[in-house]
Amino acid sequence: MTAQPPEPIRPAVPPGQLRASHDDREAVVERLRDAAAEGRLDFDELDERLGLALTAKTHAELAVLTADLPAPESASASAAAGSLPPLLLKGGLNGASRGPGRWEVPARVIARGGLGGVKIDFSRVECRLPEVEVEAYGEAAGVTVIVPDGWAVDTGGMDPGIGGLKDRTTGDRLPGTPLIRLTGSGGMAGVVVRHPNRRERRKLESNPKGR
């Protein structure tokens with residue numbers, strides 16, 4: 001039986017020299033556009049890098065275009081946050097609260113003021129979701145929602161009820177922060193949404209890591 005000649009040994013290709021696919025190029029294009037929207041790239045830089053991204057042949061050529069940009073947020077982390085079950089807070093007789101410590105934020109929070117009231121404090125959270133629905137019912141004791149500076153709140157779906165709705169937020173939304181969509185009803189005691197007050201800010205500044 002005639003022996004077969006050995007297969008030629010092919011040199012390993014460095015990862016950066018692997019050929020880029022259409023999906024690889026498109027992913028970099030999206031990242032560059034996001035960076036421009038966040039103010040990290042001006043128009044001329046964006047235009048130049050987009051041209052290079054669309055004609056890139058290898059992973060190394062693509063990598064250099066985003067080397068000075070922050071790492072993109074983990075898609076798996078965002079998906080995990082979105083899969084959390086809704087958080088239900090009931091004021092009952094003694095009240096209920098979540099925060100101001102660090103806690104995982106689900107896509108939906110339901111708060112019922114009851115007789116003791118509910119307080120939801122997002123001051124120290126790191127939310128990976130683009131939007132969070134807060135369904136608040138003031139009932140007899142009210143609901144208070146505290147959001148950090150830079151977060152925006154949409155109250156268009158809220159029924160003020162008898163107690164009313166007090167929105168004391170600035171409305172200035174920073175890139176990368178979630179939008180709080182407030183729905184529900186003010187009930188008898190109403191719903192308040194605001195940024196941290198002076199006392200709360202002092203606590204945040206004296207203990208920035210929340211330990």
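Modeller: Let us begin with burial: a residue is called buried when its relative accessible area is under 20%, exposed when that area is over 50%, and partly exposed in between. Please keep in mind that this is a predicted model.

Biologist: Why is T177 called buried?

Modeller: The relative accessibility of T177 is 15%, and because the cut-off for buried is under 20%, T177 counts as buried. The residue lies in the loop between β8 (165-167) and β9 (179-185).

Biologist: What makes the pairing of T177 with G150 a polar contact?

Modeller: A polar atom of the T177 side chain lies 3.1 Å from the backbone oxygen of G150, and the limit for such a pair of N or O atoms is within 3.5 Å.

Biologist: What makes the pair E30 and R33 a salt bridge?

Modeller: Their side chains meet at 3.5 Å, N to O, and the rule asks for a side-chain nitrogen of Lys or Arg within 4 Å of a carboxyl oxygen of Asp or Glu, so the pair qualifies. E30 and R33 are three residues apart in helix α1, which means that about one helical turn separates them. Both are partly exposed, E30 with a relative accessible area of 36% and R33 at 43% relative accessibility.

Biologist: How do you know that R102 and E126 form a salt bridge?

Modeller: The closest N and O atoms of R102 and E126 are 3.7 Å apart, and the limit is within 4 Å. R102 lies in the loop between β2 (96-98) and β3 (108-112), and E126 in the loop between β4 (118-121) and β5 (131-137), so the pair ties together parts that are 24 residues apart in sequence. E126, at 61% relative accessibility, counts as exposed, whereas R102, with a relative accessible area of 48%, is partly exposed.

Biologist: What does the salt bridge between R181 and E131 tie together?

Modeller: The side chains of R181 and E131 meet at 2.8 Å, N to O. R181 lies in strand β9 and E131 in strand β5, so this pair ties together parts that are 50 residues apart in sequence. Salt bridges that share partners also join K119, R194 and E200 into one network, and by this rule the count comes to eleven salt bridges.

Biologist: Which residues gather in the patch of negative charge?

Modeller: D42, D44, E45, D47 and E48 gather in that patch on the surface. E48 lies in helix α2 (residues 43-55), and with a relative accessible area of 54% it is exposed.

Terms used: Residues numbered from 1 in each chain as written. Predicted model: local features only at pLDDT ≥ 70, side-chain atom pairs only at ≥ 80, totals over all residues. Heavy atoms only, no water. Helix = DSSP H or I, 4+ residues; strand = E, 2+ residues; numbered from the N terminus. Buried < 20%, exposed > 50% of the residue type's maximum accessible area, 1.4 Å probe, protein only. Polar contact = N/O pair within 3.5 Å; in protein donor to acceptor, adjacent residues only side chain to side chain. Patch = residues over 30% accessible without salt bridge, like charges linked within 9 Å, V, L, I, M, F, W, Y side chains within 5 Å. Areas by Shrake-Rupley, 256 points an atom, 1.4 Å probe, with all protein chains shown as cover. Lys, Arg positive; Asp, Glu negative; His and termini not counted. Charge placed at Lys NZ, Arg CZ, Asp CG, Glu CD.
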